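Visitor: Please pick one part of this structure and take me through it closely. I would like to know what surrounds it, and what lies around those neighbours in turn.

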Amino acid sequence: MDDERMREAIAKEYGFSLFRQYPEKQTAHILSKDISTLKRWRKKGKVKFVRMGDREVAYLGINIADMLIKGVKEDG
């Protein structure tokens, strides 16, 4: 299965859109992770995000799908 079809299948299964932006709290819920984990990954540059002003960030559904498919490598 190619990456695009796999992303589409994951998005359908988890109930999100690939090209929509999701706030950090909702993204953490989709990933079944604590929001502090997602923030740590973001600050270490391990995940792609969109800055929504000074204090808010969002994540594109396509990047959420990639996190679900490929995981996020934790160093040390």
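Guide: Helices (H or I, at least four residues) and strands (E, at least two) are DSSP runs numbered from the N terminus. The model is predicted, so local features are limited to pLDDT of at least 70 and side-chain atom pairs to pLDDT 80 or more, while totals for chains, interfaces and linings use all residues. Numbering starts from 1 along each chain as its sequence is written, and side-chain values use heavy atoms, without hydrogens or water.

After H4 comes glycine 71, with a positive phi near 75°.

Isoleucine 64 belongs to H4. Its relative accessible area is 0%, so isoleucine 64 counts as buried. Leaving aside residues up to four places away in sequence, isoleucine 64 touches Phe16, Tyr22, Thr27, Ile30, Leu31 and Tyr59; contact here means heavy atoms within 4.5 Å. Isoleucine 10 is 54 residues from isoleucine 64 in sequence, yet their C-alpha atoms are 9.4 Å apart.

Isoleucine 10 is also one of the H1 residues in the contact between H1 and H4. The axes of H1 and H4 come within 9 Å and cross at roughly 95°. H1 is therefore roughly perpendicular to H4. On the H1 side the contact is made by Met6, Arg7, Ile10 and Tyr14, and on the H4 side by Ile62, Ala65, Asp66, Leu68 and Ile69. By class, this contact has seven nonpolar, no polar and two charged residues. Axes are lines fitted to C-alpha atoms, for helices over the stretch in contact, with angles from 0 to 180 degrees between N-to-C directions. Under 35 degrees is roughly parallel, over 145 roughly antiparallel, 65 to 115 roughly perpendicular, and the rest oblique.

The C-alpha atoms of aspartate 66 and glutamate 4 are 10.0 Å apart, across 62 residues of sequence. Glutamate 4 lies in H1, residues 3-14, and is exposed at 52% relative accessible area.

H2 (residues 24-31) and H3 (residues 35-43) have axes that come within 9 Å and cross at roughly 105°. This makes H2 roughly perpendicular to H3. Glu24, Lys25, Thr27, Ala28 and Leu31 of H2 meet Ile35, Leu38, Lys39, Trp41 and Arg42 of H3. Five residues of this contact are nonpolar, one is polar and four are charged.

Glutamate 24, in H2, is buried at 9% relative accessible area.

The loop between H2 and H3 holds serine 32. Serine 32 is exposed, with 64% relative accessibility. Its phi is near 55°, a positive value in a residue other than glycine. Most residues other than glycine have a negative phi.

Key. Ala, Val, Leu, Ile, Met, Phe, Trp, Tyr, Cys and Pro count as nonpolar, Asp, Glu, Lys and Arg as charged, and the others, Gly among them, as polar. Buried means under 20% relative accessible area, exposed over 50%, partly exposed in between (1.4 Å probe, protein chains only).
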